[in-house]
Amino acid sequence: MGISNFKSLRDRIGINFTQLRQDRLLDEARETADPVRLMRLFGITSYTAIHYVRTAHPERFTIDPTQA
């Protein structure tokens, strides 16, 4: 698939590159839940990687009020 075909497809489905990257990051975070892997794979900061892992797995980051 050439770049012009990709652009045409992208325009038809109404998604931009930023949304596509965010979706890919979130999908990988759901699969691995490993912020270091996300950092290496996408070249993102630890803050961003943890944000995506927390979004993908909120149940792992709940705070127990008795432990706060």
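The following legends describe close-up views of a predicted model.

The model is predicted; local features need pLDDT of at least 70, side-chain atom pairs count only at pLDDT 80 or more, and totals for chains, interfaces and linings use all residues. Residues are numbered from 1 along each chain as its sequence is written, and side-chain values use heavy atoms, with hydrogens and water left out.

**View 1. Overall arrangement of the protein chain.** The protein chain contains 4 helices and 0 strands; helices (H or I, at least four residues) and strands (E, at least two) are DSSP runs, numbered from the N terminus. Along the sequence the pattern reads α-α-α-α. Of the 68 residues in the protein chain, 21% are buried, where buried denotes under 20% relative accessible area, exposed over 50%, and partly exposed the range in between (1.4 Å probe, protein chains only). Among contacts between residues at least 6 apart in sequence, 28% join residues at least 24 apart; contact means heavy atoms within 4.5 Å.

**View 2. Crossing of helices H2 and H3.** The axes of H2 (residues 17-32) and H3 (residues 35-42) come within 9 Å and cross at roughly 145°. Axes are lines fitted to C-alpha atoms, for helices over the stretch in contact, and angles run from 0 to 180 degrees between N-to-C directions. The crossing of H2 with H3 is right-handed; a crossing is right-handed if the near helix is turned clockwise from the far one by less than a right angle, and left-handed if anticlockwise. H2 contributes Arg21, Arg24, Leu25, Glu28, Ala29 and Thr32 to the contact, and H3 contributes Arg37, Leu38, Leu41 and Phe42. These residues comprise 5 nonpolar, 1 polar and 4 charged; Ala, Val, Leu, Ile, Met, Phe, Trp, Tyr, Cys and Pro count as nonpolar, Asp, Glu, Lys and Arg as charged, and the others, Gly among them, as polar. Leaving aside neighbours within four places in sequence, Phe42 is in contact with Arg21, Arg24, Leu25 and Glu28.

**View 3. Surroundings of Glu28.** Glu28 belongs to helix H2 and is buried, with a relative accessible area of 7%. The side chain of Glu28 forms a polar contact of 3.0 Å with the side chain of Arg37. A polar contact is a pair of N or O atoms within 3.5 Å; within protein, one must be able to donate a hydrogen and the other to accept it, and residues adjacent in sequence count only if both atoms are side-chain atoms. Beyond four places in sequence, the contacts of Glu28 are with Ala33, Arg37, Leu38, Leu41 and Phe42.

**View 4. The loop between H2 and H3, and the two ends of H3.** Ala33 is located in the loop between H2 and H3. The phi of Ala33 is near 55°, a positive value in a residue other than glycine.

At the start of H3, a side-chain oxygen of Asp34 lies within 3.1 Å of the backbone nitrogen of Val36. After H3 comes Gly43, with a positive phi near 65°.

**View 5. The largest nonpolar core.** This core has 11 residues, namely Leu25, Leu26, Ala29, Ala33, Leu38, Phe42, Ile44, Ala49, Tyr52, Val53 and Ala56. A nonpolar core is a set of buried Ala, Val, Leu, Ile, Met, Phe, Trp, Tyr and Cys residues joined through side-chain atoms within 4.5 Å. At least two residues of the core come from each of H2, H3 and helix H4 (46-56), and H4 supplies the largest share, 4 residues. In soluble globular proteins, nonpolar side chains tend to be buried together.

View 6. Ala56 is found in H4 and counts as buried at 16% relative accessibility. Ala56 and Leu26 are 30 residues apart along the chain, and their C-alpha atoms are separated by 6.5 Å. Not counting residues up to four places away in sequence, Ala56 touches Leu26, Ala29 and Arg30.

**View 7. His57 in the segment after H4.** His57 is placed in the segment after H4 and counts as buried at 10% relative accessibility. A polar atom of the His57 side chain lies 3.3 Å from the backbone oxygen of Arg30. Apart from neighbours within four places in sequence, His57 is in contact with Ala29, Arg30 and Ala33.

**View 8. Arg54 of H4 and Pro35.** Arg54 lies in helix H4 and is partly exposed, with a relative accessible area of 43%. Arg54 and Pro35 are 19 residues apart in sequence, and 9.6 Å separates them in space, C-alpha to C-alpha.
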